[in-house]
Amino acid sequence: MVYDVVIAGGGAAGLSAALYAGRARLKALVIEKYNITGSQIIYTNEVDNYLGIPSVSGFELVSKFKEHAINEAEFTEGEVSGITKADGIFNLKLADGTEIKSKTVIIATGAIHNKLGIKGEEEFTGKGVSYCATCDGAFYKGKNAVVAGGGDTALSEALYLSNICNKVYLLHRRNELRGSKIYQDKIKSTENIEFIGNVIIDEIKGEEKVSSIAYHNKTDNTQAVLPVNGVFIAIGMKPDTDMLKGLADIDGYGYVIAGEDGRTNISGLFVAGDIRQKKLRQLITAVSDGANCIASVEEYLNKGK
Ligand code: NAP
């Protein structure tokens with residue numbers, strides 16, 4: 001059997017694509033790695049920037065997405081390990097050896113935030129530990145927060161939080177920041193941001209929620225504790241593109257090069273959500289990508305390009 005479209009990834013982008021595929025009467029299959037728990041958004045305690053839904057947990061929102069999309073496509077669990085194309089048909093190989101054929105493919109497998117890998121990080125994710133200031137910053141109004149990292153993301157997160165929080169500590173493993181000079185200048189001139197360089201964060205502490213972090217200086221090993229409510233970890237992301245290596249064009253940071261229509265350099269192969277090279281990685285842009293991809297799939301199926 002050959003599907004019209006196979007969607008890899010059951011997060012916001014993949015589920016949006018599934019919904020639109022069903023409405024377009026396409027024969028669609030969604031391949032999810034871990035059912036709903038594979039979606040990044042479930043780690044967000046409260047989503048307050050999704051238009052029309054002022055406050056909802058990430059898990060509840062993605063559960064609603066799934067509920068809405070479930071009858072619009074077939075769903076299966078599996079991990080896509082390789083994709084080839086021959087005679088206009090894609091062959092997707094899953095990790096368990098299963099092979100699936102489709103006229104088009106949408107990859108919506110997302111990107112994973114790098115982790116510090118320290119004590120308390122996993123335990124307090126969604127309870128003070130966050131990987132997205134735009135998503136969660138509002139919960140720390142008037143409170144103290146730490147941003148970990150020294151790249152543009154860390155600097156822009158610190159600047160964003162400085163408008164919300166009482167005090168923002170920017171902790172970086174080196175004394176020199178990697179982020180752009182313009183951000184660095186802004187950081188220096190923002191009174192409530194304190195840069196602490198050359199340090200390693202050892203532990204995130206708290207009871208029900210985060211209450212402090214412990215760190216040490218790399219040179220003299222002095223230990224310190226900062227009382228904070230929020231810990232924003234911004235040490236880079238890894239897009240899940242392994243199955244596309246050697247097939248689709250990927251930028252220097254590992255994101256697939258595609259415009260808003262999701263079209264990659266391979267005709268019939270589309271990408272949606274955080275895996276795509278884009279400026280704003282949010283739920284709302286992922287959902288939009290999924291819908292746009294199906295419009296492109298329909299165009300491709302009708303015109304053959
Ligand atoms: P990035 O540039 O790779 O920076 C990652 C930062 O995290 C680095 O400072 C790195 O330290 C630190 N880091 C990595 N692993 C760590 C670990 N295990 N423990 C502690 N620190 C660790 O990533 P990014 O900031 O997410 O930016 C990615 C790309 O997006 C960049 O090209 C950036 O310019 C772009 N971006 C642009 C904007 C914008 O507004 N123009 C905003 C956000 C992102 P070292 O410095 O020591 O390596």
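Guide: Helix α1 is mostly covered, with 10 of its 12 residues buried. This is a predicted model, and the values here are computed from it. The helix runs over residues 12-23. From its first C-alpha to its last it reaches 17 Å, close to the 16 Å expected at 1.5 Å a residue.

The buried positions are Ala 12, Ala 13, Gly 14, Leu 15, Ser 16, Ala 17, Ala 18, Leu 19, Ala 21 and Gly 22. What do the buried residues of α1 pack against? Their partners include the strands β1 (2-8), β2 (28-32), β3 (74-77) and β6 (99-107). The helices α2 (58-69) and α6 (283-303) are also on that list.

Ser 16 counts as buried because its relative accessibility is 7%, and the cut-off for buried is under 20%. Leaving aside neighbours within four places in sequence, Ser 16 is in contact with Val 287, Gly 290 and Ala 291. Of the pair Ser 16 and Ala 291, the C-alpha atoms are separated by 5.9 Å, although the two residues are 275 residues apart along the chain.

As for what comes after the helix, α1 is followed by Arg 25. The phi of Arg 25 is positive, near 60°.

Conventions
Residues numbered from 1 in each chain as written. Predicted model: local features only at pLDDT ≥ 70, side-chain atom pairs only at ≥ 80, totals over all residues. Heavy atoms only, no water. Helix = DSSP H or I, 4+ residues; strand = E, 2+ residues; numbered from the N terminus. Expected span 1.5 Å × (residues − 1). Buried < 20%, exposed > 50% of the residue type's maximum accessible area, 1.4 Å probe, protein only. Contact = heavy atoms within 4.5 Å.
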